[in-house]
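Dear colleague,

Please find below the structure that I am handing over to you, with its sequence. My notes on what was found follow directly after it.

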Amino acid sequence: MLGFLKKVSDYTKEAFGAANYLFQGLVVTFDHMRRRPITVQYPYEKLIPSERYRGRIHYEFDKCIACEVCVRVCPINLPVVDWVMNKETKKKELRNYSIDFGVCIFCGNCVEYCPTNCLSMTEEYELAAFDRHSLNFDNVALGRLPTSVTTDPSVQPLRELSYLPQGVMDPHDLPQNAQRAGQLPSEVLELIQQKASTIDSNESIKSSNQIDNNKE
Amino acid sequence: MSMVTPLGTASQVLTTPGIDLELSFNQAMQGLGLSSEVAHLIWLPLPMLLVLVAAVIGVLVTVWLERKISAAAQQRIGPEYAGALGVLQPMADGLKLLVKEDVIPARADGLLFTLGPVLVLVPVILSWLIVPFGQNLLISNVGIGIFLWIALSSIQPIGLLMSGYASNNKYSLLGGLRAAAQSISYEIPLALSVLAIVMMSNSLSTVDIVEQQNGAGLLSWNVWRQPVGFLIFWICALAECERLPFDLPEAEEELVAGYQTEYAGMKFALFYLGSYINLVLSALLVSVLYLGGWGFPIPIEWLASWVGQSIDAPFIQVIAGSIGIVMTVIKAYVLVFIAILLRWTTPRVRIDQLLDLGWKFLLPISLVNLLVTASLKLAFPIAFGG
Amino acid sequence: MNISTSTELICFAILSMVVVLGSLGVILLANIVYSAFLLGGVFMAVAGLYLLLNASFVAAAQILVYVGAVNVLILFAIMLVNKKEDLKPIKSLQIRRVLSAGVCAGLLLLLARVDLTTPWALPGPIAIGEQATERIGEHLFTDYLLPFELASVLLLMAMIGAIVLARRDVLITDVGTGDSVDQSLIEKASTPLLIDKSTTN
C-alpha cells in the first residue's frame, strides 16, 4: 500500500516537474519577444569583416619572384605559376599567375609563406558566379582590390558582435565613435610600456637603495 | 439576457428584444415584393458566408502571427516587404499556391487523392457552426452544440487516411496512419474534459456554456473550476491540430511531410487552411469553454448600470455586441500566441511518448477530473452548477 | 408544397440514393479500400437521414461512433495488412453466388412484406428535437439500464481480451534458447536491454 502511494506521489512529482520545465522553457521563448532581431539585411546592410578576415586573395604581379613557395605550402598545390627561364639574364620570367577560388579553401598558407608579401588576404567574400570556371582568377583579376564595405555608398556597414561596446547586441543605430569592448591594441601597447617604465624606475630605485646600503 | 441579434435563428429572434437584423432584412425583401420564405432562403447563406470569410481572415491573421512570432522567438525579422510589416505575406502565399500546378502523381489514386483534402477541410469549417461570438452571434444555436464539434472532428482522420493511402507513398501512408491514431487517441480525453464542462453547465449548447460562466465576470470563468480540464483540453486540442509538440504526422525529419508529401498547389493549400482553421477553432472553443467566451472580465450588465443605462437600450446593445466579438477574438488569439510559443519551446515527442501521454496520463486524469467534477457538483451545487 | 418540405424531400432522395448506391458499392467493388471509404460515406448519409428526422443527437453519435471509430478502425486494419495477394480460386463459386443471392432475395422479400403489412402510424410521433439528449439519458439509466450495463461489460471483455492478446509476455519464448522473453522492454525504461542469462535462470 505504502509502495503504491509512493509510486503515485513520485508520478505526481514527475508530472509537476515536467510542467515546471515546460513553463521555464516558455519563459525563455517569451523573453525573446522583447529582443530586437539581429538580422543583417544583406544586400543593404553588410557586416564589416574583421582585421584578419580571410577573404579572396590579392596578388601583386610585380612583386612576385615566381619562387613557387605558395604552391608548396598550399594543401592542394593550387596556385598556377607560369614562368620561363630567361637564358640571357638567367632569371625567371613570370608570365601568368592564377588561383582557382572554386577550389581554394582560404587557409592563408600561401599568404603566410610568401617571401615578398605579394600575396595578401582581402575582405571580399562575394564570389558567387554563374560558371565555376569564372572563379579561376588570373593575375589581373587577382590584382583587383575589392570595394570596402565602409566606403560603398549603397551599403550600410554594421559592426560584428565582437566589435560592439560592452553589453550592446545590436549594431544598428550605434554612435559613430562608440568604442568596442576591451582595449584597443594601441591602448594595450601603451599600458605595457607604462608598466615597463614603472618597473624600470622601481628597479632603478631598488638599485639606488642597494647602493645606499652598500655605502652604509 | 440579449445582445445584438444579427445571426440568430428565427425562434430566438422572436423571444429576445434588441436589434434584429434578420427580421429587418426579411421585411426589406418583402418590401421588394418577395415572399417571406424566399427572403429567408436569401438570408440563409449570408451568415454562413460571413463566418466563412471570418474563418479565412482568421487563418490569414494566424499565419502572419505565426511567421512574425516565430521570427521574434528566433530574433529574426520575418516577413517584411509584402505590405506594412508583411501583413500581406499570407495572401501572397495563398496566391502562389493558387496558381501552382495541380500535380497528381502518376501511380496515385486520383479520385481519393482529390477527395482527401476536401474531407479534411469540410468538417473543420462545419464546426464553425457552433462558435458563438455573442449571445445570438452564431450561425445556429444547435442543441447538441459542442457534441457536434466532437462528432465532426472525428471525420477528419478519414480524410487523412484517404490522402495518405491515395498518394501511393510510404511516407504519406505512415503519416496518414499516425494522424489517424493520434486524433483517435486524443479525442477521448478531449471529449471527457468537455463532458465535465457540460456536466457543470447542464447543457451541450455553447451559448448556455458561456452564459453559465458570465455571472461574475472573470471570477466565474470555468478555468478556475476546471483547471485540470483546461490543461487537458488544451493539450488535446494541440494534438488534434497536429501542432508542434505533437506534429508527428508531418514530422519532416522522419516522414518528409507525412500525408502532405505528394500534394502541391491548391490541394496542399486545403490542408494548410484546414490545419490553421482548426487551430483558430480550437483556440475559440477553449475560450468559449473555459475563458468565458464573449464575456468581458467585468460583467457588461454592471458596467451598463454604472453608466446608468438599461442593458436593453440599442446603443448599449451594439457596444456590448462589439465588446463580445472583440473579447472572443482576443482570448482566442492569446491562446494562438501560446500555441506558437509552445511550438518554439517544446521538442517533438516520439510516437510512443505521444500515445503514452494520451492513454496513460491524460485519459486517467480526465476520468478522475470527471469524477471529481461530478462529486463536487453533488456536494456544492451552487458553485458547480447544480 | 412549400420550399422547406420540398428541400426536405430532395435531401431525402439524395441521402437515400447515397445509402443504397453506397451499400451496393461496399459489397460489389473489388478494391477493399474503396469499400471501406464508401462504408464511411454510407454511415454519414445515414446520419443525414437522422438529421432529417430531427434527431440531431443520434446523428452526431452516429458520426462519432460509426464514422469516427468503427470506420477508421476498419481502414486501419486494411491499411496495416495491405498485402496485394490474389485469393485462391474457390471451387463452385457460381453455385455459392446463386445460393447467397437467393438467401438475400428471401430476406429482402421478408423485409418488404413486413414493410407493407405493418400498419405504420402516419404521421409518426412529433420529434422532440433537442430534448432528445435528456430523454436518451433518462432511458439509459432507467428502463434500459440492464442492456446498457451489459453492453459496457461486453466492451470491457473485448478490451481485456485485446490487452491479453497484445501483451504476449506470458506466452512468447525465445526461438533460439527456449527462454521466456521479456516483451515489456519498451514499457520499462529501467529494464536492462541485455538480460544476464545466469541471473534470470
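**Overall form of the chains**

Chain A has a radius of gyration of 30 Å, whereas a compact globule of 216 residues would have one near 17 Å. The C-alpha trace of chain A spans about 105 × 85 × 45 Å along its principal axes. Please bear in mind throughout that this is a predicted model. The predictor assigns the complex an ipTM of 0.80 and a pTM of 0.78.

In secondary structure, chain A contains 5 helices and 7 strands. Their order along the sequence of chain A is α-β-β-α-β-β-α-β-β-α-β-α.

Chain B, by contrast, has 17 helices and 0 strands. Along the principal axes, the C-alpha trace of chain B spans about 65 × 60 × 40 Å.

**Where chain B touches chain C**

In this interface, 23 residues of chain B are in contact with 21 residues of chain C. On the chain B side, at least two residues are supplied by each of helix 3 (36–43), helix 7 (145–153), helix 8 (156–166) and helix 9 (170–201). Helix 8 of chain B provides the largest share of that side, with 5 residues. Sorted by class, the side of chain B that touches chain C consists of 19 nonpolar, 2 polar and 2 charged residues.

**Where chain B touches chain A**

Here, 11 residues of chain B are in contact with 11 residues of chain A. Helix 4 and helix 16 of chain B each contribute at least two residues to the chain B side. The largest share, 4 residues, comes from helix 16 of chain B. By class, the side of chain B that touches chain A has 7 nonpolar, 3 polar and 1 charged residues.

**Helix 4 and helix 16 of chain B**

How do their axes cross? The axes of helix 4 (residues 45–73) and helix 16 (residues 314–345) of chain B come within 10 Å, and they cross at roughly 45°. Helix 4 of chain B is therefore oblique to helix 16 of chain B. The crossing of helix 4 and helix 16 of chain B is right-handed.

Taken by class, the residues of the contact between helix 4 and helix 16 of chain B are 8 nonpolar, 2 polar and 1 charged.

**Confidence in chain C**

Chain C has a mean pLDDT of 80, and 80% of its residues reach 70 or more. Within chain C, confidence is highest in helix 4 (residues 93–117), at a mean of 91. Confidence in chain C is lowest in helix 7 (residues 197–200), where the mean is 52. Over residues 185–193 of chain C, pLDDT stays under 50, and the model has 4 contacts beyond four places in sequence for that stretch. Where pLDDT is low, predicted coordinates should not be read in detail.

With kind regards

Technical notes:
Residues are numbered from 1 along each chain as its sequence is written. Chains are lettered from A and ligands numbered from 1 in the order in which they are written. This is a predicted model: local features need pLDDT of at least 70, side-chain atom pairs count only at pLDDT 80 or more; totals for chains, interfaces and linings use all residues. Two residues are in contact if their C-beta atoms, placed from the backbone, lie within 7 Å. Ala, Val, Leu, Ile, Met, Phe, Trp, Tyr, Cys and Pro count as nonpolar, Asp, Glu, Lys and Arg as charged, and the others, Gly among them, as polar. Axes are lines fitted to C-alpha atoms, for helices over the stretch in contact, and angles run from 0 to 180 degrees between N-to-C directions. Angles under 35 degrees count as roughly parallel, over 145 as roughly antiparallel, 65 to 115 as roughly perpendicular and the rest as oblique. A crossing is left-handed if the near helix is turned anticlockwise from the far one by less than a right angle, and right-handed if clockwise. pLDDT is the predictor's confidence in each residue, from 0 to 100. The radius of gyration is taken over C-alpha atoms; the globule rule is 2.2 Å times the number of residues to the power 0.38.
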